[in-house]
Amino acid sequence: MFTVTTRDGSEAHLNPGAMAGADVVCCRALVRPEGEDGGRVRRVLEGLGLTCSCFVPDPTLPAAGGEPAGLAILTGTGVWPLNSGRLRLGDEDRDNGGMVQFLHVRKQGASLLVLNLRLASAPERQQALLAAVFAHGLLKERCSGVVLCSDRPVEVGERVLRSLARAAGYAFRPAAADSGPLLFVPGHGRGTSASVSPVDPSDLPAATRNRTLRLSIQRQPARPTDRLRVPLSYREQWL
């Protein structure tokens with residue numbers, strides 16, 4: 001099982017009840033834990049068993065005690081961060097939109113690309129940013145799924161989401177919850193070592209359920225076409 005949840009605000013919103021069992025937590029306005037004034041944040045994260053695996057300062061957010069706040073992706077135990085960073089796509093300061101943070105993680109044989117977005121309010125600007133994200137080379141790397149988290153609801157229609165995902169070789173999979181993180185899985189012909197599918201998080205409190213995506217992980221048997229093909233040498237071809 002793989003669980004992704006989102007949180008707004010400061011470390012005060014990282015309560016144990018909402019974070020229980022979370023593998024990845026996407027935050028919107030967290031103070032940098034590694035900074036001089038991030039001691040309180042570090043203590044909260046340690047108590048929850050979480051690690052800040054990626055932090056991107058947000059210039060539109062007010063600094064707390066001289067320490068910048070920004071987007072952060074937290075990871076729990078058993079989750080292996082592989083790659084992280086920030087995608088610079090368009091004007092990040094206009095209408096508080098356009099900022100994209102990413103973290104590539106692995107758990108139980110499944111590799112997932114988690115995107116933490118600061119979206120603009122206008123649907124047309126949201127669509128332009130999502131189109132740029134799906135056209136980025138990062139999504140050409142093979143993984144078990146892409147999880148998209150955002151600071152406000154995605155106002156782009158499902159038909160547009162499916163079209164953007166299809167162009168990048170992915171398929172949109174609506175989750176059980178009405179809102180929260182969005183899931184995109186590899187399309188036909190893009191085999192991976194594990195597949196993921198959404199699971200109904202109905203056992204969670206309503207406030208947490210609407211911000212959570214819970215995934216089931218199924219290991220896939222290796223196929224001959226997935227093996228590394230090495231050209232035969234001259235001797236092997238003729239002897």
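User: In what order do the six strands of the open sheet run?
Analyst: The order is S5-S6-S7-S8-S10-S9, and the pairing is mixed. Keep in mind that this is a predicted model.
User: Which strands are at the edges?
Analyst: Strand S5 (80-88) and strand S9 (170-173). Each of them pairs on one side only.
User: How many degrees is the twist from one strand to the next?
Analyst: The average is 20 degrees.
User: What holds strands together in a sheet, anyway?
Analyst: Strands pair through backbone hydrogen bonds, either parallel or antiparallel.
User: Now helices. Which strands does helix H3 touch?
Analyst: Helix H3 (residues 123-135) packs on the sheet. It touches strand S6 (99-107), strand S7 (110-118), strand S8 (145-150) and S10. The direction of H3 makes about 150 degrees with that of S7.
User: And where does helix H4 lie?
Analyst: Helix H4 (residues 158-167) lies across S9 and S10. H4 runs at about 155 degrees to S9.
User: Zooming out, how many helices and strands does the chain have?
Analyst: Six helices and twelve strands.
User: What share of the residues is buried?
Analyst: 46% of the 239 residues count as buried.
User: And the accessible surface, what does it come to?
Analyst: About 12,200 Å² for the chain. Carbon and sulfur atoms account for 51% of that surface.

Definitions and conventions. Residues are numbered from 1 along each chain as its sequence is written. This is a predicted model: local features need pLDDT of at least 70, side-chain atom pairs count only at pLDDT 80 or more; totals for chains, interfaces and linings use all residues. Side-chain values use heavy atoms; hydrogens and water are left out. Helices (H or I, at least four residues) and strands (E, at least two) are DSSP runs, numbered from the N terminus. Buried means under 20% relative accessible area, exposed over 50%, partly exposed in between (1.4 Å probe, protein chains only). Accessible areas come from the Shrake-Rupley method with a 1.4 Å probe; for residues, only the protein chains shown count as cover. Two strands pair if DSSP finds at least two bridges between them. Axes are lines fitted to C-alpha atoms, for helices over the stretch in contact, and angles run from 0 to 180 degrees between N-to-C directions. Contact means heavy atoms within 4.5 Å.
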